[in-house]
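Hi,

Here is the structure I promised to pass on.

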Amino acid sequence: MKSAKPKILHEIGGRSMVGHALAAARGLEPRQLVAVVRHERDAVAAHLLSLEPGLTIADQDEIPGTGRAVQVALEALPPQLEGTVVVTYGDVPLLTTGLLRELVAAHDRDQNAVTVLTAVLEDPAGYGRILRAPDGTVAGIVEHKDASPEQRAIAEVNSGIYAFDAAVLRAALSQVTTDNAQGEMYLTDVLAIARAAGGRVAAVTTEDRWQVEGANDRVQLAALGKELNRRILERWMRAGVTVVDPDTTWVDVEVALSPDVTLKPGTQLHGTTAVGTDAVIGPDTTLTNATVGQGAKVVRSDVTDARIGAGASVGPFAYLRPKTDLGEDGKIGAFYETKNVTVGKGSKLSHLGYAGDAEIGEYTNIGCGNITANYDGVNKHRTVIGSHVRTSSNTVFIAPVTIGDGAYTAAGAIVRKNVPAGALALSVAPQRNTEGWTEAKRPGSPSALAASRAHRGATAP
């Protein structure tokens, strides 16, 4: 990845690659769940435990190879462990629980010693090849670097995902060596050992190659991310969501959408965002961990950790920061920024302003260019504005300050003191005009010439 971040912690669809793999494995409801770690061990282990606190972490030692990885996993489990052991990987983010269930079901039904998940690829380069016996079972797996030219022509490949009988796996791993081109303990050697001992080795072949695709660089990661997004959008469209342009719409795996939601071009929905029925999102809108109520509209805006009530409207070009709570039928309009603010039902913050650390009641109208001055250079302070308040253009509220219900502010007011209910707040200095200032102070300028023409026109007969 050419990154300071461990490969499996890179994200697609709002979740790390290993997070996707863990979710697929967790869906099997296993009795024991073990993660084998080595590279950037502490960062990876901490991330895994944050996702699955009951997970067992096993550390791989200096002996390389997938066989050794599985061996240390078994060593971290009770020695009397019986049943089916499923092995999967942290860099196969599109693998599903459904496919793992299919693998386990076939393994148990046919009483196999080993069952391997395979796929047929147009370009199998780099993958281990599946060697089939005349009866259709699996005779073995040969790694690409150890394969002959004839074996490299085989298109069926090993995904690296298996179901093992626990006793067979434990016994076979004790016989695996590092005698190969890579000097590694190959997990694939278990298949030949199990077969030689009389066990049945079979395969489950998937036609969905994406479920076994891994990512070793950012090009592959982007391809997996695009395919994941395509699948997410298809699922939501089949559930009743309108996606106007799937090519420019991105939705994370944990997003929740209701029927009859409309997503317009350029929409991105991240994290735990939830959108209610009949809401319209976009175009060109990003929502992160946002909740949008039924019938609300969000246009060309950025919303993070905020709630938008039913029937409310946001944008265009609004920026809703964390802890913004816009009530039912409310409005936060063009070029407005909010943070840690509660806006009551039917209230409007229509355009060109900032509201931070504030509480606004119901059916209040905040005029153009209003600002809550919430920061004194050291501490944040709160502004409280009541219900049915009307504030005129360019009002500045110097927090902490409270505006009573039904109060008004005049244009350009700087409100430093509380305003009683029903009062009008003014802070107006007398206007003074200095006649002839432009012609005297800016002689020859276009403004001075225009003023001269105006004066001549005013005195013409």
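Predicted model: local features only at pLDDT ≥ 70, side-chain atom pairs only at ≥ 80, totals over all residues.

Let's start with the helices. The pair I looked at is α3, residues 66-75, and α6, residues 166-173. Their axes come within 10 Å of each other and cross at roughly 120 degrees. Angles of 65 to 115 degrees would count as roughly perpendicular and those over 145 as roughly antiparallel, so α3 ends up oblique to α6. As for handedness, the crossing of α3 past α6 is left-handed.

Which residues do the touching? On the α3 side they are Gly 67, Val 70, Gln 71 and Leu 74, and across from them α6 puts in Leu 169, Arg 170 and Leu 173. By type, this contact between α3 and α6 has 4 nonpolar residues, 2 polar ones and 1 charged.

Now the cavities. Searching the whole structure turned up 1 cavity of 30 Å³ or more, and the largest cavity comes out at about 40 Å³. Its lining consists of Tyr 336, Leu 349, Tyr 354, Ala 355, Ile 360, Ile 366, Asn 370, Ile 371, Thr 372, Ile 385 and Phe 397. Two strands, β27 (348-360) and β29 (371-373), each give two or more residues to that lining, with β27 giving the most, at 4 residues.

Cheers

Methods:
Residues numbered from 1 in each chain as written. Heavy atoms only, no water. Axes fitted to C-alpha atoms, helices over the stretch in contact; angles between N-to-C directions. Parallel < 35°, antiparallel > 145°, perpendicular 65-115°, else oblique. Left-handed = near helix turned anticlockwise from the far one by under 90°. Contact = heavy atoms within 4.5 Å. Nonpolar A, V, L, I, M, F, W, Y, C, P; charged D, E, K, R; others polar. 1 Å grid on protein atoms, 1.4 Å probe; cavity = no way out; pocket = protein on both sides within 12 Å on 5 of 7 lines; lining within 4 Å. Points joined across faces, edges and corners; volume = space filled by probe spheres on them.
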